[in-house]
Amino acid sequence: MDVISEPFTYEQARRHGQTANDLVELCRAGELVRPHRGVYLPAHLVDDLDARVVAVGLLLPRGAAVARESAAWMLGLDVRPPERWQSAPKLECLVPLDGIRPRHPGVNAFISALPPDDIVVINGIACTTAPRTGLDLARWRPRFIGLGAVDALTHAGLTTVTELAEAAGRLAGHRFIRRAREVIDLCEPATESVPESWCRLRLIEAGLPRPAVQISLRDSAGREVYRLDMVNRPGFRRGSVTWNQPRSGQVFQGSA
C-alpha cells in the first residue's frame with residue numbers, strides 16, 4: 001500500500017484495491033489505528049488533534065454536528081467511562097429535526113433541535129458548543145459521566161456553571177432535564193480530573209456532606225506544601241456562615 005498521509009475510510013481504501021484483511025494487518029503492524037469504526041488513521045497522526053478531527057468529518061452526515069462524547073473529545077476533553085478507556089471515543093452526532101438519521105454502523109446519530117448558536121466549527125467540522133455538549137452529557141449520560149464532563153468543561157474555561165444552568169433553563173420540561181440540572185448544581189470548576197469528579201459524586205450519593213475541592217495547605221511563608229483534592233469535616237455545612245474552612249480554591253494558613 002502507498003504511503004498513507006491522511007485519514008481515510010474503508011470505502012476509500014477498497015476503491016484503491018485494499019481489502020479488510022489488508023487493513024487489519026496494517027493495524028496489527030502498528031501502521032494504522034482505527035479511531036472510529038469504518039475510518040482509519042496513520043499511526044504517526046494518532047496524537048494529532050487536527051487529523052483526528054478530519055477523521056471524524058469523514059463519517060459525519062450532511063447538516064449534522066459532532067455531539068456528546070465525541071464533541072467533548074474534539075474540544076480537547078476525554079469523558080469516556082472506565083470500561084472504555086482503551087477504546088476510541090464514540091462517534092456521536094446530532095442531526096437537525098428536518099434531517100435524515102444515517103445508518104452507518106460507526107455513527108450514533110440523534111435527531112434533535114440544533115440551533116446555530118449551539119454549533120461551533122472546529123477545523124472545518126461542525127461540533128456542538130461547550131455549553132450544549134455539557135448539557136447533553138448531563139442529560140443523557142449516567143450522573144458520574146455528566147458530572148465529570150461539566151467539571152472538566154468549566155475547569156478548562158470552555159464554559160461556566162452559569163452558562164450551563166442557562167442552557168438547562170431553556171429546556172424546561174424536556175426529557176431528563178431535571179437530572180441535568182442536578183448534575184450542573186454539583187459542578188465544581190476547580191476539580192482537576194474526571195476521577196476526582198466521580199469520587200466526589202460517590203461521597204455525596206453516600207449521604208456525606210458535599211466536600212470542598214482543591215484546598216491549598218501553605219506554610220507561614222505562604223508556600224504551598226500540600227494540596228488536597230477534597231476536604232470535609234463533621235458538622236461542616238456548605239455555604240454556612242459559621243464555616244471555618246476556606247471555600248473551594250482558597251487556602252489554609254499554618255504549618256503542615
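Guide: The crossing of helix 5 and helix 6 is left-handed, a term used where the near helix is turned anticlockwise from the far one by less than a right angle. Helices here are DSSP runs of H or I with at least four residues, strands are E runs of at least two, and both are numbered from the N terminus. On the side of helix 5, the contact (heavy atoms within 4.5 Å) is made by Ala-130, Thr-133, Gly-134, Leu-137 and Ala-138, and on the side of helix 6 by Gly-146, Ala-149, Val-150 and Leu-153.

The model is a predicted one, in which local features need pLDDT of at least 70 and side-chain atom pairs count only at pLDDT 80 or more, while totals for chains, interfaces and linings use all residues. Residues are numbered from 1 along each chain as its sequence is written, and side-chain values use heavy atoms, with hydrogens and water left out.

Turning to Glu-196, this residue is found in helix 9, which spans residues 194–205, and its C-alpha atom is separated by 8.1 Å from that of Gly-148, 48 residues away along the chain. Glu-196 counts as buried because its relative accessibility is 12%, the cut-off for buried being under 20% relative accessible area with a 1.4 Å probe and protein chains only. Apart from neighbours within four places in sequence, Glu-196 is in contact with Thr-191, Gln-214, Asp-229 and Met-230, and its side chain reaches the backbone nitrogen of Glu-192 at 3.4 Å.

Elsewhere, Thr-9 lies in strand 1, residues 8–9, and counts as buried because its relative accessibility is 11%; when residues up to four places away in sequence are not counted, Thr-9 touches Gly-38, Val-39, Leu-58 and Leu-59.

For the chain as a whole, the secondary structure comes to nine helices and eleven strands, and 45% of the 256 residues count as buried. Of the contacts in the chain with a separation of 6 or more, 55% are between residues 24 or more positions apart.

Notes
Buried means under 20% relative accessible area, exposed over 50%, partly exposed in between (1.4 Å probe, protein chains only). A polar contact is a pair of N or O atoms within 3.5 Å; within protein, one must be able to donate a hydrogen and the other to accept it, and residues adjacent in sequence count only if both atoms are side-chain atoms.
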